Amino acid sequence: MSDTRTTPHAPAAARAAAPVQRSAPNPASGLSTLGLITVLTGAALPMLDFFIVNVALPTIDHDLNAGPAMLEMVVGGYGVAYAVLLVLGGRLGDMVGRKRLFLWGTAAFGVTSVACGLAPDAWSLVVARIAQGAASALMLPQVLATIQATTSGARRTKALSLYSCTAGVAASVGQVLGGVLVSVDVLGTGWRSIFLVNAPVAVVALVLAVRTIPETRSERPTGVDVRGTVLLSVALVSLLVPLTEGRATGWPVWSWALLAVFPVSAVAFAVVERREEAAGRTPLIPPSLLRIHSVRSGLTLIVPFSVGWGGYMFVVAVALQEGLRLGPMAAGLALLPLCLTFLAGSLAGPRLAARYGRGVVTAGSLLQGAGLVGLAATFYWGWDGLGAVGPAPALAVQGLGQGLLFPVAIRAVLSEVPVGQAGVGGGVLTTTQQAFMALGVATLGSLFLSLSGSMGMRDAVVVTLGVQLVAVALTVLLSLRLPRKLA
């Protein structure tokens with residue numbers, strides 16, 4: 001039987017505002033435990049690869065003679081392609097089948113990972129990274145959409161909690177794993193192993209996906225919103241590319257020209273989407289979806305969190321290696337306390353949210369801020385001779401706060417999304433997260449690298465962490481706008 005329900009917690013106004021879309025019938029068995037593990041593996045790979053490259057940048061620079069501008073393109077090219085195509089990936093999954101798109105995306109991710117690992121020069125690596133980001137955008141939206149369409153009740157709550165935990169832990173583990181792989185120098189591959197290791201994982205995920213993931217799609221699929229897709233792509237590219245490359249290339253005329261395009265394309269996108277929905281068509285991002293309180297308030301909170309998180313992971317990776325002169329393995333392992341406490345917070349957060357509601361997100365934001373203050377103090381007063389263990393207490397506090405905050409915020413966003421819009425909802429969430437993480441790398445990363453030349457590495461990282469505290473303060477305030485009770 002077709003499922004046209006929203007969740008029990010969706011307000012009546014939101015249900016009325018949302019376009020009526022139904023999902024294809026769910027298989028009677030739903031999503032098995034092994035199927036859930038398979039799609040969560042697909043969720044981990046793109047997030048892992050966004051961060052795994054950070055600790056390998058100095059080695060890549062040495063081997064390929066890349067230079068600062070090319071290195072920022074290695075990071076930013078992946079992030080821009082990923083962010084630009086995520087919503088489209090979600091829509092295509094609704095149309096042609098989420099399992100099918102997951103399989104295509106996973107296969108493409110494996111192939112492009114090998115292309116990254118075999119890149120003979122810096123430009124080849126940049127092109128392969130852009131293709132890898134596009135493959136990730138096909139794969140990731142299908143994970144959330146499949147969970148939404150094949151689970152319900154307590155099982156869906158648990159699956160979404162595990163998804164949130166997987167995404168957050170993968171981001172933290174990425175830099176640890178990257179440092180270990182570069183240092184171990186698997187079969188003499190050096191930094192290339194951080195990409196080549198994806199291939200066997202992708203093959204295993206493909207084999208399991210064929211057997212364990214049920215096919216779902218929207219029962220009444222709509223065509224691609226071409227105008228909306230083009231305008232959203234122009235808006236994201238015109239913002240992210242100049243902010244990523246502008247500093248390293250000396251802010252040429254083209255970077256300012258692109259930045260001038262951004263507000264025009266963003267406004268045009270909003271106008272076109274409203275007109276599409278008013279005319280009874282299905283836009284790329286339905287404005288009615290953003291009128292749902294939990295979606296709107298949750299996405300608003302994820303914006304400053306993602307900006308701070310993306311920039312933070314880049315800045316700390318550079319500071320540990322270039323500033324404290326730690327090797328790749330030591331720099332990666334220095335972040336292990338953050339990974340462990342993030343995992344603990346992610347597992348505890350949903351249970352605490354069931355009892356304390358949005359207060360868990362507020363508490364997580366405050367803990368994250370306390371960890372940042374502690375880390376800034378550790379760097380400022382203990383910089384000389386500070387090893388990999390020195391930052392551990394502050395990182396542990398910060399990781400716990402992020403673990404409490406991030407999974408619960410994701411659950412809040414998705415709690416009232418109609419099942420028929422699962423692909424679009426997942427695409428909007430991941431696009432917001434990814435676009436603003438890339439923006440964080442571009443803005444906080446550029447600020448840090450600019451200051452380090454004049455102020456020195458220690459003072460630059462302290463000032464940058466201070467700027468990030470502004471983003472944390474925003475998350476504290478915005479957490480108070482979330483629904484009091486979280487499903």
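Arg-325 sits in the loop that runs between helix H13 (293–323) and helix H14 (328–334); helices here are DSSP runs of H or I with at least four residues, strands are runs of E with at least two, and both are numbered from the N terminus. This is a predicted model, in which local features need pLDDT of at least 70 and side-chain atom pairs count only at pLDDT 80 or more, while totals for chains, interfaces and linings use all residues. Residues are numbered from 1 along each chain as its sequence is written, and side-chain values use heavy atoms, with hydrogens and water left out.

Back to Arg-325: its phi is near 60°, a positive value in a residue other than glycine. Most residues other than glycine have a negative phi. Arg-325 has 66% relative accessibility, so it counts as exposed; the cut-offs are over 50% for exposed, under 20% for buried and partly exposed in between, with a 1.4 Å probe and protein chains only.

Asn-65 also has a positive phi, of about 50°, and is not a glycine. Asn-65 is in the loop between helix H3 (57–64) and helix H4 (67–96). Its relative accessibility is 69%, so Asn-65 counts as exposed.

Now the rings. How many aromatic pairs does a search of the whole structure find? The search gives 9. Rings of Phe, Tyr and Trp (its six-membered ring) pair if their centres lie within 6.5 Å; planes under 30 degrees apart are stacked, over 60 edge-to-face, and the rest tilted. Trp-191 and Phe-195 are edge-to-face because their planes are at 85°, with the centres 6.2 Å apart. Trp-191 is buried at a relative accessible area of 1%, and Phe-195 is buried at 0%. Phe-379 and Trp-383 have centres 5.6 Å apart and planes at 70°, so that pair is edge-to-face; both residues are buried. Ring pairs also join Phe-305, Trp-309, Phe-342 and Phe-406 into a cluster.

Last, the core. A nonpolar core is a set of buried Ala, Val, Leu, Ile, Met, Phe, Trp, Tyr and Cys residues joined through side-chain atoms within 4.5 Å. The largest one has 135 residues, and those with the most contacts inside it include Tyr-163 and Phe-379. H13 supplies the largest share of this core, 15 residues. Leaving out residues up to four places away in sequence, Tyr-163 touches several residues, among them Leu-40, Leu-140, Ile-410 and Thr-430, where contact means heavy atoms within 4.5 Å.
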